Amino acid sequence: MPPMYADYDYLIKLLALGDSGVGKTCFLHQYSEGVFHSRFISTVGIDFREKRLIYNSKGINHRIHLQLWDTAGQERFRSLTTSFFRDSMGFLLFFDITNEKSFLEVQNWIEQLKVHAYCENPDIILCGNKLDLDYLRVVNSQRAKTLAEKYDVPYIETSAYTGENVSKAVEMLLDRVMLRMESLSFPGRMLPVNVLPIENGQSEAPEERIRLEHATDKSKCNC
Ligand SMILES: Nc1nc2c(ncn2[C@@H]2O[C@H](COP(=O)(O)OP(=O)(O)O)[C@@H](O)[C@H]2O)c(=O)[nH]1
Ligand SMILES: [Mg+2]
């Protein structure tokens, strides 16, 4: 059989986490489609969204195939198993700035990630979502920043409704994931600079994909 080549350089899988109702599905939809659906219902069986990016690192363009995995309702039952965390290279951890409980649960989500993700110190961005509802805010920014500092993760406030900081949050995570990838692949080389979306979709991804499996292998993580 002739070899098949991927039309991208990196397949990056990111996972959205956090309590039910914090806006994960809306966020991913806003990021991939650029629109907000107040009553968005995921198609059964499709629990990830995809996007192509050109990631420029030290003058070199890398073609990124981004997969953004949604937890599609399982978070309600606290039944997210290792398989869900295992293959993800980075995590968008959400709470709702208008919902105290969702913020209190952040610690539990981080503890779960530490146990089940590719390493004890996985790449996470903490996202305080629903920034457009600032007038209903119950979690002030400083509290969230203090928690984020405790776990040494960046904190950003987003709105899946207006789109504010949605791309920025994903790019922040991608920067960290790529930095880890590159430090594992080529120690000491290449620092990411910026991320540009590809306007038009490309041909269908072939079966054989370039994966950076080593980055999801706990034994080889350098954290
Ligand atoms: N105002 C506002 N509502 C949001 C935002 N994100 C999500 N929602 C609403 O919050 C509810 C839960 O959103 P959803 O994406 O299903 O949350 P999930 O359970 O975490 O996937 C829905 O009614 C959304 O319309 C946001 O940024 N601003
Ligand atoms: Mg959802």
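Colleague: How do β2 and β3 pair, parallel or antiparallel?
Modeller: Antiparallel, with 10 bridges between β2 (residues 48-57) and β3 (residues 60-69). This is a predicted model, by the way.

Colleague: Which residue in β3 is the bridge partner of Ile 54?
Modeller: That's Arg 63.

Colleague: And how many residues sit between β2 and β3 in the hairpin?
Modeller: Two. One thing to look at in the turn is Lys 58, which has a positive phi of about 50°.

Colleague: What share of the residues is buried?
Modeller: 37% of the 223 residues. As for contacts with a separation of 6 or more, 75% of them link residues 24 or more positions apart.

Colleague: Switching to the ligand. Which residues are closest to ligand 1?
Modeller: Gly 23, Lys 24, Thr 25, Cys 26 and Tyr 161, out of 15 residues that surround ligand 1.

Colleague: Which element gives the largest share of that shell?
Modeller: Helix α1, residues 24-33, with three residues.

Colleague: And what's the shell like by class?
Modeller: Seven polar, five nonpolar and three charged residues.

Colleague: Now α4. Which of its residues are buried?
Modeller: Val 106, Trp 109, Ile 110 and Leu 113, in a helix that covers residues 106-116.

Colleague: Why do those buried residues line one face of α4?
Modeller: Look down the helix axis: the buried residues of α4 fall within an arc of 100°, so they end up lining one face.

Colleague: What's on the face turned away from the buried side?
Modeller: Exposed residues: Gln 107, Asn 108, Glu 111 and Val 115.

Colleague: Last topic, confidence. What's the mean pLDDT of the chain?
Modeller: The mean is 80, and 71% of the residues reach 70 or more.

Colleague: Where does pLDDT stay under 50?
Modeller: Over residues 186-197, for one, where the model still has 23 contacts beyond four places in sequence. Residues 199-217 are also below 50, and that stretch has 34 contacts beyond near neighbours in sequence.

Definitions and conventions:
Residues are numbered from 1 along each chain as its sequence is written. Chains are lettered from A and ligands numbered from 1 in the order in which they are written. This is a predicted model: local features need pLDDT of at least 70, side-chain atom pairs count only at pLDDT 80 or more; totals for chains, interfaces and linings use all residues. pLDDT is the predictor's confidence in each residue, from 0 to 100. Two residues are in contact if their C-beta atoms, placed from the backbone, lie within 7 Å. A residue is buried if 20 or more other C-beta atoms lie within 10 Å of its own, exposed if 12 or fewer, and partly exposed in between; C-beta atoms are placed from the backbone. Helices (H or I, at least four residues) and strands (E, at least two) are DSSP runs, numbered from the N terminus. The arc is that of the directions from the helix axis to the C-beta atoms. A residue is near a molecule or strand if its C-beta atom, placed from the backbone, lies within 6 Å of it. Ala, Val, Leu, Ile, Met, Phe, Trp, Tyr, Cys and Pro count as nonpolar, Asp, Glu, Lys and Arg as charged, and the others, Gly among them, as polar. Two strands pair if DSSP finds at least two bridges between them.
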